[in-house]
Structure formats: C-alpha cells, structure tokens
Amino acid sequence: MGVEHTGARGGRGARGRRRIAGRLPLALLLVALAAAWATGFYFLWQSDVPAGLELPEVEASELLGPEELEEARDYERFLRIDFVLAEVIVLVVFGLYARYGHRFVRESAAGRIGTGMLLAMLGFALLWLAQLPFGLAGLWWERRHDVSEQDYGTWILESWLGLGGAFLFVCLAILIVMGLAGPLPKHWWIPGGAVFVGLAALFAFVLPYMLPSQRPLRDAELLADADVFAREQGLEAAPPLHVQEVREFTTAPNALAVGLGPSRRVILWDTLLEGPFPDEEVRFVLAHELGHISREHIWKLVGWYALFAFPGAFLIARATRRRGGMREAEAVPLALFVLVGLSFLALPLQNAFGRHLEAEADWIALETTRDPEAARALFRRFGTTALADPSPPTWSYLLMETHPPLADRTAMVEAWEARRGGG
Amino acid sequence: MERHPIRVVVEDDLDRSRLTVFFRLLLAIPHLIWLLLWSIGAFVAAVVSWFATLALGRSPQALHGFLAAYVRYATHVYAYLSLAANPFPGFTGDAGSYPVDVEIDPPARQSRWKTGFRIFLVIPALILANALTGGPGGGGGGGARGDGGEADAATWFDFSGGGVLVLVAFLAWFVCLARGRMPLGFRDFQTYALRYGAQTCGYLLLLTDRYPSSDPAALPASPPPQPQTIRIAVDDDLRRSRLTVLFRLLLFLPHLVWFLLWSIAAFFAVIVGWFVTLAAGRMLVGLHRFLAAYIRYGTHISAYLFIVANPFPGFTGTEGTYPVDLEVDPPARQSRWITLFRIFLAIPTALIAGGLGAVLVVVGVFGWFVGLVTGRMPEGLRNLGVYAVRYSAQAHGYAYLLTDRYPYTGPWEWSTPGPAEDAEPEVAAA
C-alpha cells in the first residue's frame, strides 16, 4: 500500500513535471509576446514633449468667463449623459444580441460565411435603431446651441448611409475572419490580426480621398507658412493643404492630418478659415497638424491598433469557442459583443494615446510657431466656439476626451513659456 | 380562394389582320373620342355612386350597370389598341361581344369604410396599374384620379404611353405585321395587364370592394408553346422577417458589390462564349455553368431585394439553395444565325425586362411596407414579383447565350406555383 502510495505520488510528480515541461514553450512564447507588446508600446509612446515636463495648474475660470464657462459645461453635460446612455445601449443591445441573435440564422439561405455576414449586419442594424434616439437627442442639443446646423432628415439619411458603409465593412471583416477560421479554427486570429492591421493601414491611406467636399487651399500666405513650418519640423516640403466645406452642417472649427505616404494631407475646415480665428491662430492649428505628419502619428496609430488587434482577435477566438468558434455563423453575435466589450474596456487607453499624440502635436506647434499667445487665444476661442469644457470630470476625461482638455493645453503653453524663459 | 367579381375572359385565336394592325392606332380614334365622352359621364356617375354606396351599402343597379359597361368598353378598346384582340369593337360595351371581355358580378354589399376611403385605398393599385399598363384599364400618363377627386384630363383610361402593356403592344405591332399572328405570350401578358387594369378601374368606380388581384397565377394562362430551358422554381412560404425587411436595401449592399464584380467576369465570359457558340454551335459546359450560376445569383438577389423571397441569399448562385430559384437546362445546340444576331434579337427582351423591372420596383416598395407591417408578403404581389424576376432571368439567359429559346412573355408560371385564385379556366381558346 505504502509502495503503491509512493509510486502513485512519484507518477503524479512525473506527470506534473512533464506537464510543466510541455507548457514551458507556451509560457516562453507568451512572455516573448508580452515583451514584444511592451516594446511596441514603449516605442509608440515616445514623444517630443520633454520627459518630466511639469504642467502648471490652470483654472477653467482663467480661460472662460463665468457665463461662457457655465454654457460650455451645461452643453457638455448633456452630451456626456447622451454618450453614457448610448454606450450602455451598445452593451445592452449586443449583450442581448449575443444571447438571442443566433435565431436569425433561419433568415439566411446563404452558407456559413454569408449567414455570418447577415448576423453581423443585423447586429449593427439593431444597434443603429437603438442608438437613433440618442443621436437625434445629441443633434437637437447641438442645434439648440448653434453648434450644428444640420437638419434632422439629412442627419438620419446620412446616418443610414453610414450604416450601409458599416455593413460593407463588417461583411469584409466577417469574410476575413470566417474565411480564415475555416482552415484555421483555433489560430485564425494570427493571420486575421495581420490582415486587419493591413486593412487599417490601407484605410488610413485611402481616407483622404474619401472625405467629401474638399478643395485645395488657395491662400498663398498660409501655403508659404506651411512650407516654412514643414521644413522646421524636418519635412522636405509641406504636404498638400485642403479645405473641407462643412459650414452647411456645423459651426465647430476643426482640422485634420490624414493619409499615409503619398496620400498625406492637412485638411482645414472652412469654419476655421472663415470663422472668427485670426491668422496667427490658424497658423498654430496648421503647425499642429503638420506636427502630426512630421512625427508620423498616423503610422503610430496604425501601430497602436496593431497592439490591440492581435490580443483582441485572440480573445474573440477564445470567447467564441463554446459557440463552435468563428467558423460557425452562430458565433458572430457573441463575437460582436466581445468586440464592443473589449473596445469599451480599451477606451481609456485609446483616449490616453490620442491625448498623448495631441499633446506632442501642440508642443511641436509651439516649437514651430513660437507664438504662445496665439495658442492661448486659440484654446480660449475653442471654448467659446465649440463650447468645450476646459476641465471635464475625470470619468469623462478617461472615457470621452481624445484631446487634452483646454486647461491642460493652456498649461502646456505656460510650461513651454517657462521652459523657454528658463533656457 | 373566392373568385374575383371582375374577371377577364379570353376567346381569341391569335390571328390578326395585317391591314387593321397596320392602321390600328388610327382605326381606334373614333373609339378614343367616344371613350373620352363616356369617361365624363362615368366620372359623374362614379361620384353619385360613391354617395349612394356610402348611404345604401351597395351600388345602385342602374349606376352599376352603366359603370360596368364603361369598364367593359374601355377594356375592349384597349384590347384592340394593344393587339390583345383582333376585331373592331362595338361602341356599347356589351357583355360577351368581344374576344377579350370582362365579366362583372352584379352589385353586392360593400363595406362603407372601404367605400369612404376608396380614393386613398386605390392609390397603390393605381400605381401598380400604371406600371403594368400605363393606367387602369390599359393606358398611361395619368389615368384615373378618383371618384371623389379631380377629373382626369382625358379619360379614365388613358393610352398616352408608359407601362409594359404599351411596350408589348409596340413590339407586337411589328410581329403581327410580319406574321399575321399575335405571339401567345404577348397576348397572355396583355390580357393579364388588362385584367388588372379593369379590376383597378372597377374598384375605383365602386363596382366592387374587392381589391384588384395582381397575381399572374390567378389567370390560368396558356403554357408556352415550347418548354422553356430556363425556368423558375418557387418554394416560399410568404413569411417575411420584419427586421430584414426594414434593412433590406442595406443588407443587399454586399450582394451588390459581389454582383458587380461577378458581372465584370461574366461580361468577358459572354464574349468568349459568343465566339465559341458561333464556331461550335453550342456553349462550352464550363462557361455555361459559370453564366448559369451568375444569372441564378442575379435571380436570388433580385428576389431578395424586392421582398419576393425572405432569406439572405448565398453568394455562389448554387441551384437549390434559394426559395426563388432558377433551373437551367444543360447546354444544347444553338442556331448559329440566332447566335450571330443575338445582340440585336435581345433588344426587345431587354425592353420588356426593363418594363417588368419597373413593375418589380413597385412590387418591392409595396412588399416592403406590407412585409414590415404584417410580416408577410401578399401572394399576388409575390407572384407578380416572381413573374418579373423569371422574365428577367430568361432575357438574360438568352442574351448571355445560355439558350437560343426566346423568353416567354406570358405569365404562365413556375414549377411549383401557389394556388391560383380562380379555379375555373378563363382562357377558352388560344
């Protein structure tokens, strides 16, 4: 008996050692992947903003008058509630859809991939229906505050057409995932992640050509400034500058740096060029957008997407196993739920990265224009024209703010001045 | 199903006099003038009948007889004009006096609600009648405006253009002149369109409160003289998912993209196929299979888009995978002459397919509303959609060299049709 005991213990020990030995390569692989992820994160997080830059405290009341501040806060409060409710609806709709969505399989005569496409499209269709009231409420609020001038019918039509675009995109995604999950039921996420990163880069490349109502900028002075700024930032020449006509729909000012390689361009909204912004403030915006381009922020965003695409695809593959994996159409509703859940969880990190890039672009713009007064005035004007709250609550900062709050941006201007004065 | 109170009866031998066909439009002028005058009287009678029916619950016998004669006469005239019949019609609209005639039941009780709102209820039927015939009873450009509303500028039956009936009549004019006979399919389509027009007009003029039936299967039309090599098969239970109906247009988008890509390949395949068929006298098996799958896929997605079928179709055009399916015979010998001139010979079929395409859009729009509200597609509307889809598939099959058999225009239907509305045959001779 005792011998038997000893033998059994010895056998279990040997099996345990074999199991550990068997899992060792997997553990090493995971460690290597984690190290690669951390390395990627480290390099993407590198910034021209000096490390350890101390930002002084800037009160919201220093930027806006009491009435303006109240109006901005009141305006954003409603939009925050609208955002939270809409996010809750997303999770609820996809949660319910993950539970019951597989019933729509009977509405398809297509094969597994076609049926998967249908289920994915229906999921987004239900979401669109559920979010419609929140979107309309947001539009009503923006119209009420003269931020938007779009009428409800046009908004619904555009939203509906946007849903059509989403359908096409989601069909392509399902085609890739389920196409790969056929021959690679457990490991589709590896090539799948790579394909999605490639698609993200492709999308970033073609985006400049897809934005409507653009025309080349004709302002000779601004074009000359752009060339000077670009060279100061290390670019050979300024990328093409375009104006997007949005005045018909909104009064909010904005500018974008979009594209990769030959498709790179800076787009300035006509609400910025033809609005209440003096030339020096427009020049600061221009330098900011060129900062995005000179520091390859679009590529960084693609890289950042890659950091999440692979783990995300892996988690989806794991979560859908009990529904037969992504090879089966029935798994699609659950996959959607996992996807939006992960996106929600990753939102604070995504926003943090966005703010990080924007802060770097602000710093580059300050270094290029050396005009802190223009920057300070610009941020103040953002508060009055776009009704931006200079210091939003923390939860809103984490979940909603893709740019640093105006108070932080102004603080950076002061830090830059102090540093320059000190130097 | 209970038979419709307004029915078209056909006793036509398809023979046509070339002389009267050549001058048909001019010969019809006295009838058009008389019809215009009669239409004024019919308008007044319809207004009186509306009040009377609303009060009494049924149309007065005298008014009913007058309006029934008007509908009958108008059908005679448009059957003559559209070459659906040969002899010159009388001016009185007597029952049983013409090869394409209308049987109208005596006045019966009518729902006062349906009578009160008739002017609105008739609008969908008028739209469909306009797509089929160009106007209720067989005309175009305006047609009837309603029994309580403004009078039409010309007649209740206006033949000024538009509608598949006019298109078929135009094509039939050439055929009749050349052959002295009306093609069976053409005649059957004309009688179907005239029947729908007559039922719509009868509904508008308060001859009945039964809604017009758009079901081509309700008229047991003659089978095609030769078996078709491209056939439609229907296995649809009429149930519709409200959610997929609501988003049908957007759900169609991935299919549209795929179909456009496939169309590029099909275009080159047809060019290759044309040379091969011209040289060898038959299509290559592989090319035939490829093009058959392409046209079948087009049939599936058309049926889906226009609510003729419910489930989301597959992307491969595989036979037997969809409730509205296409059966295509294997490649057979084809006449080299027909192949050589195929592109020209296909023009009339393309015109008719285009006209029926407009009808299909109307079917889709109405089907969308009805499907969204009731979760079902009306059988008549579905069958009309199937008919349009079938003709389009046959026209494409002909143009794309799958067969040299000309598409059949008649509403003779598919291999597993739904139950016909009328049990008794209405086509006495063909």
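Two residues are in contact if their C-beta atoms, placed from the backbone, lie within 7 Å. All views below show a predicted model.

**Figure 1. Helix α3 of chain B and what covers its buried residues.** Helix α3(B) contains 28 residues and reaches 38 Å from its first C-alpha to its last, close to the 40 Å expected at 1.5 Å a residue. Its buried residues are B:H31, B:L35, B:W38, B:S39, B:A42, B:F43, B:A45, B:A46, B:S49, B:W50 and B:T53. The cover over these buried residues includes α4 and α5 (112-116) of chain B. After α3(B) comes B:G57, which has a positive phi near 85°.

**Figure 2. Packing of α3 (residues 29-56) against α4 (residues 61-81) in chain B.** The two helices pack at an angle of about 145°, and their axes are 9 Å apart. Their crossing is left-handed. On the α3(B) side, the contact is formed by B:H31, B:L35, B:W38, B:A42, B:A45, B:A46, B:V48, B:S49 and B:A52. These residues meet B:L63, B:F66, B:L67, B:Y70, B:Y73, B:A74 and B:V77 in α4(B). By residue class, this contact comprises 14 nonpolar and 2 polar residues, with no charged residue. B:W38 and B:A42, which take part in the contact, are also among the buried residues of α3(B).

**Figure 3. Packing of α11 against α12 (residues 285-305) in chain B.** The axes of α11(B) and α12(B) come within 9 Å and cross at roughly 145°. The crossing of α11(B) with α12(B) is left-handed. From α11(B), the residues in contact are B:H255, B:F259, B:W262, B:A266, B:A269, B:V270, B:V272, B:G273 and B:V276. Facing them in α12(B) are B:L287, B:F290, B:L291, B:Y294, B:Y297, B:G298 and B:I301. The contact divides into 13 nonpolar and 3 polar residues, and no charged residue takes part.

**Figure 4. The contact between chains A and B.** Each chain contributes to this contact, with 17 residues from chain B and 17 residues from chain A. On the side of chain B that touches chain A, the elements giving two or more residues are α9 (242-246), α10 (248-251) and α11 (253-280) of chain B. Of these, α11(B) gives the most, with 3 residues. This side of chain B has 12 nonpolar and 5 polar residues, and no charged ones.

**Figure 5. The open sheet of chain A.** The sheet has 4 strands in the order β1-β2-β4-β3, with mixed pairing. Strands β1 (214-216) and β3 (255-258) of chain A stand at the edges; each has a single partner strand, so one side of each is left without a neighbour in the sheet. From one strand to the next, the twist averages 30°. Strand β2 (residues 241-244) and strand β4 (residues 265-269) of chain A run parallel and are joined by 4 bridges. Within this part of the sheet, A:H242 stands opposite A:I267 in β4(A).

**Figure 6. Helix α3 (residues 66-100) of chain A.** With 35 residues, the helix reaches 50 Å from its first C-alpha to its last, close to the 51 Å expected at 1.5 Å a residue. The buried residues of α3(A) are A:A72, A:E76, A:V93, A:F94, A:Y97 and A:A98. Among the elements covering them are α4 (112-144), α11 (332-369) and α12 (372-385) of chain A. The chain that holds this helix has 14 helices and 4 strands, and 34% of its 423 residues count as buried.

**Figure 7. A:G275 and its contacts.** A:G275 is placed in the loop between α8 (270-273) and α9 (279-294) of chain A. This residue is partly exposed, with 16 other C-beta atoms within 10 Å. Leaving aside residues up to four places away in sequence, A:G275 touches A:P253 and A:T385. A:P253 is 22 residues away from A:G275 in sequence, whereas the C-alpha to C-alpha separation is 7.8 Å.

**Figure 8. A:T394 in helix α13 (residues 394-399) of chain A.** A:T394 counts as exposed because its C-beta neighbours inside 10 Å number 8, and the limit for an exposed residue is 12 or fewer. A:T394 and A:T384 are 10 residues apart in sequence, with 21 Å between their C-alpha atoms.

Technical notes: Residues numbered from 1 in each chain as written. Chains lettered and ligands numbered in written order. Predicted model: local features only at pLDDT ≥ 70, side-chain atom pairs only at ≥ 80, totals over all residues. Pairing = 2+ DSSP bridges. Axes fitted to C-alpha atoms, helices over the stretch in contact; angles between N-to-C directions. Nonpolar A, V, L, I, M, F, W, Y, C, P; charged D, E, K, R; others polar. Left-handed = near helix turned anticlockwise from the far one by under 90°. Expected span 1.5 Å × (residues − 1). Buried ≥ 20, exposed ≤ 12 C-beta atoms within 10 Å, placed from the backbone.
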